[in-house]
Amino acid sequence: MLDLVIRGGQVITPEGVGVRDVGIEGERIAAVALGGTLPTGSARVIDAAGVIVAPGGVEPHAHLAHAIMSHPDEPAATLGPEEDTKGMACGGTTTHVDFAYVRPGGSIQDVVEQRAARWKGNSYIDYTFHITLAGALELKVFEQIPEAIQGGFPSFKVFTTNVLPPHPKRAGNRIDFGRIHLAMEKVAARGGIMVVHGEDEDLVQFNYERFREEGRMGGENLHLVHTKLSELLAFRRTIALARAAGAAVYFVHTSAREGVESIREARALGLPVYGETLHQYACFNAEYYKTPRGFCSHTYPSLKFPEDQAALWDGLVKDGLSTLATDEYPTNLALKLKGKTIEDVTGGNLGAEARMGIAFTEGVGKRGMSLQRFADVTATNAARIMGLYPQKGVIAVGSDADLVLIDPTIRKTLTRDDFHVSDYSPWEGWQVSGWPVMTLLRGKVIAERGKLLGSTADGRLVSRRIDPAVLHRPAC
Ligand SMILES: [Zn+2]
């Protein structure tokens, strides 16, 4: 017995796009049939004529309830899941992947339990965590990797740089390449994947030193500190190491043409290497730093140049990049704009709510991205790479009924009223064509036309297991 039928929308399925009915029973998709053919019986019917029905968005990169250390003397934190996932729900995202940081002295199990407890009852959408291996970790921590993978947490994040200059009150995130190699060996043996923030530590730190000495401290120079060359060196070093260890790699926030090219070359060799970029990186370049709200669109590494934007779009629309993420790091506007120098501009973004709508407008509307590819880069590929598939990220019988309905006829200039998180959005003033109008999480309508209908009791921790095909060759 169907509980709900989404009737006659343009449905994006793995077999193609066409007018279909989607039948939902309980929390799962029970049927996908030609439009108008599914018997509705006593089921609730939602008319989706003229609307696109896509898999609910999967946000693979969010930092909620996370310490902000760009001003080490005044530590702060990003907004928590109870705030930020309102925006994700209204914007069509139904699952997000946050991070659990293990630092020296800590254990994987402890940090995962702490994060899971923080999220429980506090998220409007489903969630899980990457495990971040940060700093000079004791070798015994690496012995915990197999158990973590077995327990449903198969992705391990590392930073190849500290990102910012050393500060006595700021714990560095960087982990050395020896430990990265050890993690890769453990991960490769047990079905996990490495998630890598790739920048060259020597170049970045030298650039900080040099710019300080030359008095070029303005934040508009961020792209000259966190350079294209730095991305090139780190990506290639990481790929060489991963190849030796037999490990799969997912590069977060690819920002430069050099990054896209490095990923493409590795994939052409058949290596399981995947790239993510951010809608901010694709839509803005470093010139934007010079404008009054320019730092709203900064995250580390940095915005780059128009040629990099072109390469990122090419990778997203055709091939080379697999996912469009946010690096969500929600703060209020005052905190986001507090830093003015290359050493204290607050990184991260407040863009998860806009992610699906911007991807649709800029990708499908302006750059010829197919609807299939739109679903891939906003949901399906992240689900596959992170081990959520086929429970998440696809409209198919047996999958969770996580859906977003997008009205392609909506034309508007975004204003503060279109958003539900914090006191600003970097996307205010942006023109969109097409915008999410309904979000379903496991069969329940959690948002409709900007109105939040779900609750913080709705979100659930999702266990993950990565398909071996994703780990042995470039699968998506
Ligand atoms: Zn991040």
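Modeller: Sorted by class, the lining of the largest pocket holds 17 nonpolar, 15 polar and six charged residues; nonpolar covers Ala, Val, Leu, Ile, Met, Phe, Trp, Tyr, Cys and Pro, charged covers Asp, Glu, Lys and Arg, and polar the others, Gly among them. This is a predicted model, in which local features need pLDDT of at least 70, side-chain atom pairs need pLDDT 80 or more, and totals for chains, interfaces and linings use all residues. Residues are numbered from 1 along each chain as its sequence is written, and side-chain values use heavy atoms, without hydrogens or water.

The pocket has a lining of 38 residues, and H66, A67, Y101, N173 and Y329 are those nearest its centre. Two or more lining residues come from each of strand 7 (67–68), strand 9 (93–102), helix 2 (108–119) and strand 11 (155–159) (DSSP runs numbered from the N terminus: helices H or I, at least four residues; strands E, at least two). The space in this pocket is about 730 Å³, a volume filled by probe spheres set on grid points joined across faces, edges and corners.

A pocket is an open set of points on a 1 Å grid over the protein atoms alone, with protein on both sides within 12 Å along at least five of seven lines; in a cavity a 1.4 Å probe fits but cannot get out, and lining residues have an atom within 4 Å of a point. By this rule there is one cavity of 30 Å³ or more. The largest cavity has a volume of about 70 Å³. Its lining includes E328, L350, F419, Y424 and W427, and divides into seven nonpolar, two polar and two charged residues.

The zinc ion is a separate topic. H61 (NE2), H63 (NE2) and D327 (OD) coordinate the zinc ion at 2.0 to 2.4 Å (donors are N, O and S atoms within 2.8 Å of the metal, or 3.2 Å for Na, K and Ca; water is not among the atoms, so sites may look incomplete). Along the chain the donors follow the spacing H-x1-H-x263-D. H61 is buried, at 1% relative accessible area, and H63 is buried at 5% (buried is under 20%, exposed over 50%, partly exposed in between, for a 1.4 Å probe and protein chains only).

Next come the backbone features. Most residues other than glycine have a negative phi, and most peptide bonds are trans. Y300 and P301 are joined by a cis peptide bond, with omega about 5 degrees, and P301 sits in the loop between helix 9 (279–283) and helix 10 (306–317). Another cis bond joins Y389 and P390, with omega about 0 degrees; P390 is in the loop between helix 13 (371–386) and strand 16 (403–413).

V163 has a positive phi, near 75 degrees. The loop that holds V163 runs between strand 11 and helix 4 (177–190), and V163 is buried at 8% relative accessibility. R442 also has a positive phi, near 45 degrees; R442 lies in the loop between strand 17 and strand 18 (444–448) and is buried, with a relative accessible area of 9%.

Two helix residues remain. N207, in helix 5 (residues 201–213), is buried at 12% relative accessible area. P468, in helix 14 (residues 468–472), is partly exposed at 36%.
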